[in-house]
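Subject: Structure for you to look through

Hello,

Please find the structure below, with the sequence. My notes on what was found follow it.

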Amino acid sequence: MTLSPDFDVIVVGGGHAGTEAALAAARMGARTLLVTQSIETLGQMSCNPSIGGIGKGHLVKEIDALGGAMAQAADEAGIQFRILNSSKGPAVRATRAQADRTLYRQAIRVRLEGQPNLWLFQQAVEDLRVEGDAVRGIVTQIGLTFTARAVVLTTGTFLAGLIHVGQSHYAAGRAGDPPASALAARLRELALPAGRLKTGTPPRLDGRSLDYRVMERQPGDDPVPVFSFLGHPSQHPAQLPCWATRTSEATHDIIRGGLSRSPLYTGVIEGVGPRYCPSIEDKVVRFSAKDSHPIFVEPEGLGTHEVYPNGISTSLPYDVQLALVHSIPGFERAHITRPGYAIEYDYFDPRGLRRSLETRALAGLFFAGQINGTTGYEEAAAQGLLAGINAALQAQGREPWCPRREEAYLGVMVDDLVTRGVTEPYRMFTSRAEYRLRLREDNADLRLTEIGRQLGLVGDERWARFEAKREAIAREIGRLKSTWIHPQTVPPEAAQALVGRALEREYALYDLLRRPEVTIRQLAATVDREGGQVPPEVAEQVEIQAKYQGYIERQEAEVERLRAQEDLRLPDDLDYAALTGLSTEVRQKLARHRPETLGQAARISGVTPAALSVLLVHLRRAAAGRTPPAPRQGLAS
Amino acid sequence: MANADTIAATATAPGRGGIGVLRVSGPRVPAIAEAMLGACPRPRHATLGDFRDADDRLIDQGLALYFPAPHSYTGEDVLELQGHGGVAVQRLLLARALALGARLAEPGEFTKRAFLAGKLDLAQAEAVADLIDAASAQAARSAARSLEGEFSRRVDALVAGLVEARMYLEATLDFPEEELEGHAASRTRADVAALLGQVRDVERAASAGRLLREGLRVVLAGQPNVGKSSLLNRLAGDEVAIVTALPGTTRDPIRETLSLEGIPLHVTDTAGLRETTDAVERIGVEKAWGALAKADVVLLVLDAREGRRVADRAVLARVPAGVPVVEVHNKIDLGCEAARVPGEEGASAVFVSALTGEGMDDLKRAVLALAGRVPSTEGAFMARERHVRALARARTHLEGAGEPGLGPELVAEELRLAQEALNTITGAFGADDLLGEIFSRFCIGK
Ligand SMILES: Cc1cc2nc3c(=O)[nH]c(=O)nc-3n(C[C@H](O)[C@H](O)[C@H](O)COP(=O)(O)OP(=O)(O)OC[C@H]3O[C@@H](n4cnc5c(N)ncnc54)[C@H](O)[C@@H]3O)c2cc1C
Ligand SMILES: Nc1nc2c(ncn2[C@@H]2O[C@H](COP(=O)(O)OP(=O)(O)OP(=O)(O)O)[C@@H](O)[C@H]2O)c(=O)[nH]1
Ligand SMILES: [Mg+2]
């Protein structure tokens, strides 16, 4: 049965990727249908109850600048907020919030239900409708068919999901949810390149059975940070502390004793897990010299006693889990409410995607989130947003938007995924971004709001506030650049306090601000009589820009140098096997990765500058076949 | 694609009385010409001129040629300076052009620009592609040679130290809440100071000129007992290698530097390339293959009575692409049943007797002809120059990292750029590699 009317975009899956995708497409005016297994689990956090962190917080701020939901939902659900790396430079500072799971789901659901152009529908999707090389719609579990111009799949860990606890295992999408087995089987039939990955989660505990007296209290920051550009601390619910404890030698002995029944160490689990988020059994085995590992006790919410012991993700049998939990100071009498587990699931090789997140195999089919081999809510949400944007653009007959590496972490992530693929679940780190100094949390709004506005994602309120801020920054920079101070008019004590010695010549205030030791507040307190009048977020931005200016300019020159290469598109049907002057290895790599641009080709390992030159020469011949050559003159080679 | 940047390279025919040509192409050429010559020379005329440094001191004198765009090889403004000075003077000329805003050209880049400017027939695309490939392979070989021994060990140590420093620093930036064993806040500062000392040492070693061994690497290779050592002795006019009637005489490679019409030839005699059970001989054979990989010209020695055999084909297959081969049919005094067939796949063939000296002039002529064919822009000179430049860039960034009061993310940026500079010497080391180091050293993740 085919249900009319036609949709522009259908999003499958209501996790972090799916909800952002659906919201973005609908905001852009596309008639959008969000189909998910259960409306109750919209915006569900499968694992730890927190949003943000280094690299991830950066993504959240970018999602926010593009009109997404995650930052605002975190502001409404956050029960503890911190700025990480606050003592280090602005480029590596990041916001992190503990979130109340229920409040978070609610915040997302309210937005979905209030979004014009968006329809919600509860069903499991079992099949895609494919015509030729294009996707045309979906078929659900009870045989309903919905058609659309574009389909976004965001099925997370659900495709052929398999949960392990000790030697027992069962099919599931995550604890409490059924797997998507029929859809997984259908996708495998479509011969998309697939693989298996693995992730895990710790047991949950009843907070009333813990002894907090032996743990270290970890309060949130004061003043309380906010996530969204439009956010305000008054939106936050009541705030709670986290707690810290550690594993003991006894814990490690218990774990070692249980390894013979661990699905990880007996070869039952085949999927590859991340190296940076290992299970406690992995930590004990791989870092055997370490006699204790930290554990952070995080509240799951305001309306529940459950807590999340961050640091003991495990798939050991339940009796071992119980024993190891009881060996931890403060957990001696803990009651486990949910066992920890590992889950294996299908993902699709992201090298099969274009930078728009559309699959190469089927036109109109987009993938976002964990299905692409990533891990994390923020990574999923950011991809979902991008896939939703590009699905809507495609339905509207417009060109895709593909953010660049120097524009956004979103651009870094997608480029990493589609050019290099993954060997383990992909998580964002700031060290992945060569333009890290440009890609900051504090300037995500300046980098992306305007693009969001052009795409139709940014509403009037955000736009007005953004423009006001941008103008205020420009005005303040202009004022500091054109305000000069003279040695005669600056009292020696003031100069001493500011730069450590008397001034020998005239200075623009802006030039003083560029010195590492000078702050805008100091200027206002000493020589800048008009200073201290702009809002703190403007002052902060001006100061950061001044401090980073030299570095940013250098990076900009680099971006400029590479621009031509980044812009040069490689034809989809380029026959690499026929190109001379390239080694067999390079030809094979290019044929396998099929880079979309020369810049992407450059980032494939083993592709040398000489190989790029050779490619360029072949491209020129292919492109300029018609122009007659100019006569040869000048020097001989 | 319009080229905004200006490239420069020194083309030196190996030896050749030390004449080197500095070639510059791109929009900055008129400015560079004016700065170095006092005035831009008349287009398309060989002008005698003084080449001057930044303080207006004379570097060299010679011919200057200026081809304004679009009537030049690359289609851009091109300047050529042909001096008389030796290697040291060529370095000064190149350094001056680079200081004036040019950058070091990639292997084959002049030809690439010519092609992209439409100066070459489109049908030549494949030839151009092959040339770029060959030039870069040649450059890689030259670079590998200049990385031999002590210098290479020092560069490796420098890179290892840099990776270690970055591993700690990046871990503190991306994982501030983790316990990083062995990390102290003061560590990075000490690391940077140590690295700066190291890079200065390596730079000094690179500048000392010990690495600069201009000339053509000629390798004598072939089966045992065909007369390789006898040929070396004949070429050298001296008994430098042991000759016996026993196959498998030569073990260690024997290097001898000769001069052929002013061109320095570094001739290496090698062990006969055969499968062997003798442990010592086997090491010699391995070394022979190593020498072959770094050759500019290979002299494949054959017994004229037997001609090319299957084993010789195997040797030919392992000669690096683009390296010319001369088939030397030796022992013609013993009679030469095999017809005087031309060499395999365009290799030239000569017929000699090491015993009587017959045909030796043919051999010398063949080698000299090839000397002209070896892509001359990518000799040891440019290879060394690239290394020196990369080290200088790395040093500049390490100095930047050592500035007092710099935030850790800015120190990290300088260290990343230092690593990128060194990547051009040692090969790529990217973000994934660094994360790999971090995850294998520290227990990261909750
Ligand atoms: C056990 C476990 C541990 C994890 N540990 C971590 C961790 O430590 N750190 C970390 O950063 N991340 C972790 N994650 C990952 C994090 O939960 C995901 O990366 C993130 O939720 C992915 O978002 P998503 O939108 O891609 O998919 P999900 O959040 O998984 O959402 C998928 C959605 O699709 C729906 N769906 C699936 N199939 C169908 C279908 N056929 N028809 C209709 N609807 C369907 C589901 O109901 C669900 O709503 C863990 C996940 C799990 C399950
Ligand atoms: N008649 C004649 N004998 C030669 C000639 N060249 C070399 N021989 C003899 O051939 C034998 C081997 O000569 P070598 O020069 O040692 O041969 P090789 O190729 O270096 O041998 P290995 O080092 O064992 O690989 C010696 O007895 C030489 O005297 C030649 O041109 N004519
Ligand atoms: Mg010998």
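In these notes, two residues are in contact when heavy atoms of theirs lie within 4.5 Å. Please keep in mind that the model is predicted.

Leu579(A) sits in the loop that joins helix H16 (536–567) to helix H17 (584–593) of chain A. Setting aside neighbours within four places in sequence, the contacts of Leu579(A) are Arg587(A), Leu615(A) and His618(A). Val614(A) is 35 residues away from Leu579(A) along the chain, and the two C-alpha atoms are 8.6 Å apart. Is Leu579(A) buried or exposed? Leu579(A) has a relative accessible area of 9%, and the limit for buried is under 20%, so Leu579(A) counts as buried.

Arg440(A) is also in a loop, between helix H10 (409–420) and helix H11 (444–455) of chain A. The relative accessible area of Arg440(A) is 3%, so this residue is buried. Not counting residues up to four places away in sequence, Arg440(A) touches His58(A), Pro90(A), Ala91(A), Arg447(A), Gln541(A), Ile544(A), Gln545(A), Tyr548(A) and Ile552(A).

In chain B, Val163(B) belongs to helix H5 (residues 149–174). Val163(B) is buried because its relative accessible area is 10%. Beyond residues up to four places away in sequence, Val163(B) touches Gln419(B), Phe429(B), Leu434(B) and Glu437(B). Val89(B) is 74 residues from Val163(B) in sequence, and their C-alpha atoms are 36 Å apart in space.

Where chain A meets chain B

The size of an interface is often given as the accessible area lost when the parts come together. For chain A and chain B, the area buried between them is about 5400 Å², and 58% of it is on carbon and sulfur atoms. In terms of residues, 63 of chain A are in contact with 59 of chain B.

How many salt bridges are there between chain A and chain B? The count is five. One salt bridge pairs Glu177(B) with Arg82(A), and their closest N and O atoms are 2.9 Å apart.

On the side of chain A that touches chain B, at least two residues each come from strand S4 (78–84), helix H7 (280–286), strand S16 (294–299), H16 and helix H19 (609–623). H19(A) gives the most to this side, with nine residues. By type, the residues on this side of chain A are 29 nonpolar, 18 polar and 16 charged.

The ligands

Around ligand 1 there are 35 residues, and those that come nearest are Ala17(A), Cys47(A), Val125(A), Gln370(A) and Gly376(A). Oxygen atoms of ligand 1 lie 3.4 Å from a polar side-chain atom of Ser46(A) and 3.2 Å from one of Lys56(A). The side chain of Thr199(A) has an N or O atom 3.4 Å from a nitrogen atom of ligand 1.

Ligand 2 has 23 residues around it, of which Ser230(B), Gly248(B), Thr249(B), Thr250(B) and Asp333(B) come nearest. A polar side-chain atom of Ser230(B) is 2.6 Å from an oxygen atom of ligand 2. For Gly248(B), a backbone N or O atom is 2.6 Å from an oxygen atom of ligand 2. A polar backbone atom of Thr244(B) lies 3.5 Å from an oxygen atom of ligand 2.

Regards

Notes
Residues numbered from 1 in each chain as written. Chains lettered and ligands numbered in written order. Predicted model: local features only at pLDDT ≥ 70, side-chain atom pairs only at ≥ 80, totals over all residues. Heavy atoms only, no water. Helix = DSSP H or I, 4+ residues; strand = E, 2+ residues; numbered from the N terminus. Buried < 20%, exposed > 50% of the residue type's maximum accessible area, 1.4 Å probe, protein only. Buried area = accessible area lost by both parts, 1.4 Å probe. Salt bridge = Lys/Arg side-chain N within 4 Å of Asp/Glu carboxyl O. Nonpolar A, V, L, I, M, F, W, Y, C, P; charged D, E, K, R; others polar. Near = heavy atom within 4 Å. Polar contact = N/O pair within 3.5 Å; in protein donor to acceptor, adjacent residues only side chain to side chain.
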